[in-house]
Amino acid sequence: MSYVKVSRRELTLAEKLYLPSILAGLKNTMSHLLRRGDNEITTMQYPEEKWDLPSYYRGVPVLVKDEDEREKCVACSLCEFVCPPRAISIIPKQIEGVVEKAPEVFDIDMLRCIFCGYCEEVCPEQAIFMSKEYEICGQTREELVYPMDKLYELGKTLGTDGGVKDAPKKWETLAREQGQQGLASDQDA
Ligand code: SF4
Ligand code: SF4
């Protein structure tokens, strides 16, 4: 195997002392400190002030309900299957109504999530969305496994249907399909 030996450049005396770099840094700090006017402010009063994030920002994945406060998730587990780091855990339960299943447990481990957005992409019900929530903190690992209640709570920041116009509504869709197939639907719970 061939290789090229790259010789390291010798540092000058000034570089070895770090002083010019330190002075340049101090000069930069002082220039910000002495500026006046709102447009010149270079710091943010966090947490009272938050970042104005772009629309494509991908924060915590959250669950949303429809405008009738019904869970949109049908516990199909597609998002759990597609999630690269296996951050999602779903245990489905059977429910009464035109829809057969809903999640009993829906956890997302925020220590594992890589904010790829695959769960949002794959969801057939538009039930999970990438929010702009970026404050992910906790004292223990367990606190960073977000349970379903918390995911729905965070989902409220996106509004019903995740703010998607004309989002599919599973109850209406399935009731319509049952009607088309001549099946009785008295369970519009
Ligand atoms: S954003 Fe990606 S890593 Fe995070 S839960 Fe969704 S699929 Fe998994
Ligand atoms: S969030 Fe969507 S993809 Fe995930 S289980 Fe629920 S319906 Fe299926």
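What follows is a friendly dialogue on how to read this predicted model.

Reader: Which conventions should I know before I start?

Author: Residues are numbered from 1 along each chain as its sequence is written, while chains are lettered from A and ligands numbered from 1 in the order in which they are written. This is a predicted model, in which local features need pLDDT of at least 70, side-chain atom pairs count only at pLDDT 80 or more, and totals for chains, interfaces and linings use all residues.

Reader: Let me begin with the sheet. In what order do its three strands stand?

Author: Here is the general idea: strands of a sheet pair through backbone hydrogen bonds, either parallel or antiparallel. Strands here are DSSP runs of E with at least two residues, helices are runs of H or I with at least four, and both are numbered from the N terminus. Two strands pair if DSSP finds at least two bridges between them. In this model the order is S2-S3-S5, in an open sheet with antiparallel pairing. Strands S2 (88–94) and S5 (145–146) stand at the edges with a single partner strand each, so one side of each has no neighbour in the sheet.

Reader: How many bridges join S2 and S3?

Author: Seven bridges, in the antiparallel sense. Gln94 has Lys101 in S3 as its bridge partner, and Ile91 has Val105 in S3. The two strands form a hairpin with six residues between them, and in the turn Gly97 has a positive phi of about 140°.

Reader: What links S3 with S5?

Author: Two bridges join S3 (residues 101–109) to S5, and these strands run antiparallel. Ile108 stands opposite Tyr146 in S5. Helix H5 (residues 148–155) packs on the sheet and touches S3 and S5, with its direction at about 85° to that of S3. Such angles run from 0 to 180 degrees between N-to-C directions, with axes fitted to C-alpha atoms, for helices over the stretch in contact.

Reader: What is Ile88 in contact with?

Author: Two residues are in contact if their C-beta atoms, placed from the backbone, lie within 7 Å. Leaving aside neighbours within four places in sequence, Ile88 is in contact with Cys79, Glu80, Cys83, Ile108 and Cys119.

Reader: Which residues come nearest to ligand 1?

Author: A residue is near a molecule if its C-beta atom, placed from the backbone, lies within 6 Å of it. Of the 14 residues around ligand 1, Cys83, Cys113, Cys116, Tyr118 and Cys119 come nearest. For residue classes, Ala, Val, Leu, Ile, Met, Phe, Trp, Tyr, Cys and Pro count as nonpolar, Asp, Glu, Lys and Arg as charged, and the others, Gly among them, as polar. The shell around ligand 1 has 13 nonpolar, one polar and no charged residues.

Reader: And which come nearest to ligand 2?

Author: Cys73, Cys76, Leu78, Cys79 and Cys123 come nearest, of the 13 residues around ligand 2. That shell has 11 nonpolar, one polar and one charged residues.

Reader: Is Tyr118 buried or partly exposed?

Author: Tyr118, found in helix H4, is partly exposed, with 18 other C-beta atoms within 10 Å. Not counting residues up to four places away in sequence, Tyr118 touches Val82, Cys83 and Pro84.

Notes:
Buried ≥ 20, exposed ≤ 12 C-beta atoms within 10 Å, placed from the backbone.
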